[in-house]
Every structure is written in C-alpha cells, then in structure tokens.
Amino acid sequence: MTPSTDTSGGVPVKQAAQSSFRVPSQMRASDAGRARAEAGTGSGSGARGEHTHSEVPIPRPVVQRASVRGQILDALRTALVAGELRPGAVYSAPALGERFGVSATPVREAMQQLALEGAVEVVPNRGFRVVERGARELAELAEVRALIEVPVVLRLARTVPVERWAELRPVAEATVRAASSGCPATYAEADRGFHRAVLLLSGNEQLVQISEDLHRRSQWPLVGGAAARGRADLIADAAEHTALLDALIARDLDVVRGLVGGHFAGGA
C-alpha cells in the first residue's frame, strides 16, 4: 500500500471492510426503524399513549454508534499491526470512512481512541499521523513488560493449581495456529490473548489492563517500514507459549523463569 500524506489518502483495509463492515446497511435499517417509530409516536399519538405492549424497543442511537466505532477501532488496530497504516503517514477520517463504507464520525472517534493510546497523533485540518517508533522504544516496552509480568508469572507458578494451567491449553494452541497462518495481525491478537489469560489468574484487573496496553503498543510497526516478523519467527514465539505452559503444569520453576525472561528478551 502506498501511504497517503493528505486527506485524499486511505488505508487498503479491504479484507476488514469485506468481512466485518456491513455497518452502513445495518445503520440504515436502524435509522429507518427509528423513523417509523417516531412517525407513530409523535407528540399527538404519544400524548394519547397509542402504543402497544408488543412493540419491540428500538436500540438507542448511541449504542449503534458505539458498536460501529468499536468495529472500526478493531479494524484500524489490525491495519496498524499489519503495516497498512504506515508510520509517519497521515490519514483522514473521511477517506477512511469511505473505505469502510461509513461516515467520518465513527472513524474519527476510533482514531481519537488510538491517539489516546499513543498510536497516532492529531494533525489539525488534515487528519491523524501514525506515530513513528524506533527500536529503542520497542526495547523499552519489552523491559517494562518484563518488570511487570515476570514476577507475576513466577508468583502464579507457585500458587495456581495445575488444573487451572491445564485449562489454558486451548489458548496456547490458538497462538500456534495463528502463527502458522503467517499473518502478523492474526498472531498479534492470539499472542495478547495468551498473555491476558495467564495474567487474569492473578485476579488483578488493573494489572491485566496495563499489561495489555503495553503489549499492544509493542506490536506496532517500526519507523522505516521495517519488515514484520516472518512466519518462522511467529511459530518460534508461539512455541514458547506451549513450552511455558508445559513448565507451569510441571511446576518446574527454573524452566518457567528461563522461558519468561527469554520471551521478553526476544521482544515478544
């Protein structure tokens, strides 16, 4: 994809648009339903209470908008990890909205969320620029993640029952399947899922949220269009998940310590 540097540019998120975004037709149906409801429950009929108990409640517009915004946000995050949103490039909400087949409003709201997360920055009167990150920032994120997650996992390794670890087997295997696909965005989601499942055993929701935010940021592309990790790298990373789970089930703390430390040292 050739990145746009003005408001006419866009992101080739065709796969996301085709598979997830039937939003416009859904919203038109919802809007039409609300219009019919308003026509039948105007000030006159509403005053007389002319409605029946069989009427189906119409969802509030804000629910619909939040749903669309959430789908757009997920698609933009996927495009970011996949490298379709290029570091340093500027993208406009109207152009992206046209790609997705929605108005600029939910796109703008989703991009503002990405701005809060540090993935993009607002460019007045132009749109949003994807933040340029270097290897140093990636290394710093890995260090912070290690400081948070390594001691937690080691504590859990001593306290969580074996059967609870065994329940995470499908989650670890999901990362292996995702790695085999060779798709960085698919693997990124599965990778976060495994780490989240492990940390959830701590019972600390704040810890999980902070760690996932750091993890997501570590998956953003580097400046200069550096190539994403290849299929072999993803498979090797996923193999560490299954090996870690095996060690946790076996309560082999030495192996757990080595695997967890190496996992972050490798920029996982």
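Residues are numbered from 1 along each chain as its sequence is written. Because this is a predicted model, local features need pLDDT of at least 70 and side-chain atom pairs count only at pLDDT 80 or more, while totals for chains, interfaces and linings use all residues, and side-chain values rest on heavy atoms, with hydrogens and water left out.

Two packed helices are described by the angle between their axes and the distance between the axes. Here the axes are lines fitted to C-alpha atoms, for helices over the stretch in contact, with angles running from 0 to 180 degrees between N-to-C directions. The helices themselves (H or I, at least four residues) are DSSP runs numbered from the N terminus.

Take helix H12 (residues 231–250) and helix H13 (residues 253–265) to begin with: their axes come within 9 Å and cross at roughly 155°. The crossing is left-handed, meaning that the near helix is turned anticlockwise from the far one by less than a right angle. On the H12 side, the contact (heavy atoms within 4.5 Å) is made by Asp237, Glu240, His241, Ala243, Leu244, Ala247 and Leu248, and on the H13 side by Val255, Val256, Leu259, Val260 and His263. These residues divide into eight nonpolar, two polar and two charged, where Ala, Val, Leu, Ile, Met, Phe, Trp, Tyr, Cys and Pro count as nonpolar, Asp, Glu, Lys and Arg as charged, and the others, Gly among them, as polar.

H12 also packs with helix H9 (residues 169–181), the two axes coming within 8 Å and crossing at roughly 165°. So H9 is roughly antiparallel to H12, and this crossing is left-handed. Residues of H9 including Ala172 and Val176 meet residues of H12, among them Leu234, Ala238 and His241. The contact splits into eight nonpolar, four polar and three charged residues.

With H7 and H10, the axes lie 10 Å apart and the angle is about 55°, which means that H7 is oblique to H10. H7 passes H10 in a left-handed crossing. Arg145, Glu149, Val152, Val153 and Leu156 in H7 meet His195, Val198 and Leu199 in H10.

Grid points are joined across faces, edges and corners, and a volume is the space filled by probe spheres set on the points. The count comes to two cavities of 30 Å³ or more.

The largest cavity has a volume of about 120 Å³. Helix H7 (135–159), helix H10 (184–200), H12 and H13 each supply at least two residues of its lining, with the largest share, four residues, coming from H13. Among the lining residues are Glu149, His195, His241 and Leu259. By class, the lining has seven nonpolar, three polar and two charged residues.

The second largest cavity holds about 60 Å³ of space. H10 and helix H11 (205–218) each give at least two lining residues. Glu149 and His195 are among those lining this cavity, as are Arg192 and Glu212. Its lining has two nonpolar, three polar and four charged residues.

Methods:
On a 1 Å grid over the protein atoms alone, a cavity is a set of points where a 1.4 Å probe fits but cannot get out, and a pocket is an open set with protein on both sides within 12 Å along at least five of seven lines; lining residues have an atom within 4 Å of a point. Angles under 35 degrees count as roughly parallel, over 145 as roughly antiparallel, 65 to 115 as roughly perpendicular and the rest as oblique.
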